[in-house]
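Open the model in your viewer and keep the selection panel handy. We will go from one stop to the next.

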Amino acid sequence: MSKINDLMARGTELLGSDYAILCGAMSWVSERHLVSAISNAGGFGVIACGAMTPELLDAEITATKALATRNFGVNLITMHPQLFELIDVCAKHDVGHVVLAGGLPPKGSLEAIKASGAKVICFAPTLAMGKKLIRSGVDALVIEGMEAGGHIGPVSTSVLAQEILPTLADEVPVFVAGGIGRGEAIAAYLEMGASGVQLGTRFVCATESIAHPNFKKAFFRASAREAVASVQIDPRLPVIPVRALKNAGTEAFTAKQREVANKLDKGEVDMMQAQLEIEHYWAGALRRAVIDGDVENGSLMAGQSVGMVSEEESVAAIVASLVQQADAALHARG
Ligand SMILES: Cc1cc2nc3c(=O)[nH]c(=O)nc-3n(C[C@H](O)[C@H](O)[C@H](O)COP(=O)(O)O)c2cc1C
């Protein structure tokens, strides 16, 4: 087992976990039960704050602390209007790691997190942005390819890994995300210089995940090619693509974009409000599928690795098989 531990050493040191395997924050899914189960199994769980109010985040952190025996982190979305209040909530609870998602961290946010003593982990969509984030003082980076579930960038994981790891992996720990379903892929990214990995889709159907049984069933049935990226229909309204299983909700999103684009045309909303409305739409649609089980009209956010999810297993079993597969691959290479 020592090879995988050696290759993950900088990641595990940063996270304080046994394995540098993060379960990326997933809105509605990454709550107290899944997050604590991941951390207790030796990985690293991250609460998805999403659109939560500071009061709700406060309650979620308290509840997670009661279940977790190990470290966990909190994911905050940079465009949240109460970002600084949310940072204060994390500080109050001595959260050790804050993951900032959704674009460049606003002025003062990195400093505010670091002042609380927490480590900051940010997403680097390009090499240039990764360098800039390191200069700004981030402690680690996540590079996430377009195979991932949820909001995605335009570049694949394998290309991002080749572009970014050789230059930045020596500077800060880099975690690779997007399309990882098995340990062999983890081994490959570790050998390329990653300090760890982040998975989402692979953990959605864990026994400890509160996702509705209908949501889990949709995952078991789906193949990689059914996890498709949303399409932007109006060039004036830039929407971040979202990867999800195709259903009636996919069409509803097209209608939603038309509605918001019309409001933009009439001057009823500005671009910032238009984009926030789109994001609120996604949060509501995901809730409908994850919590209510409406897998027809809700959003079934899923990455291309969904084809490798075939049964409900405990988090501990998933982590153990990922580690075993990675370790076997590393040893087979000698
Ligand atoms: C259902 C679902 C919801 C997600 N919600 C969020 C989120 O709220 N914030 C975030 O930063 N990433 C979110 N993600 C991305 C995951 O944190 C993770 O980076 C991604 O799933 C990794 O790629 P994979 O799905 O190929 O494993 C979500 C992913 C899924 C599948």
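Two strands pair if DSSP finds at least two bridges between them; strands (E, at least two residues) and helices (H or I, at least four) are DSSP runs, numbered from the N terminus. This is a predicted model, in which local features need pLDDT of at least 70, side-chain atom pairs count only at pLDDT 80 or more, and totals for chains, interfaces and linings use all residues. Residues are numbered from 1 along each chain as its sequence is written.

Start with strand 3 (residues 72-77) and strand 4, which pair in the parallel sense over five bridges. Pick G73: its bridge partner in strand 4 is H97.

Moving on, select strand 5 (residues 119-123), which pairs with strand 4 in the parallel sense over four bridges. Here L100 stands opposite C122.

Now zoom out to the closed barrel of eight strands, which runs 1-2-3-4-5-6-8-9 with parallel pairing. Look for strand 1 (residues 21-23) beside strand 9 (residues 196-199), a parallel pair with three bridges. C23 has L199 as its bridge partner there.

Finally, show V46. Which residues does V46 touch, not counting residues up to four places away in sequence? Among them are L22, C23, F72, G73 and V99, where contact means C-beta atoms, placed from the backbone, within 7 Å.

How values were computed: Two residues are in contact if their C-beta atoms, placed from the backbone, lie within 7 Å.
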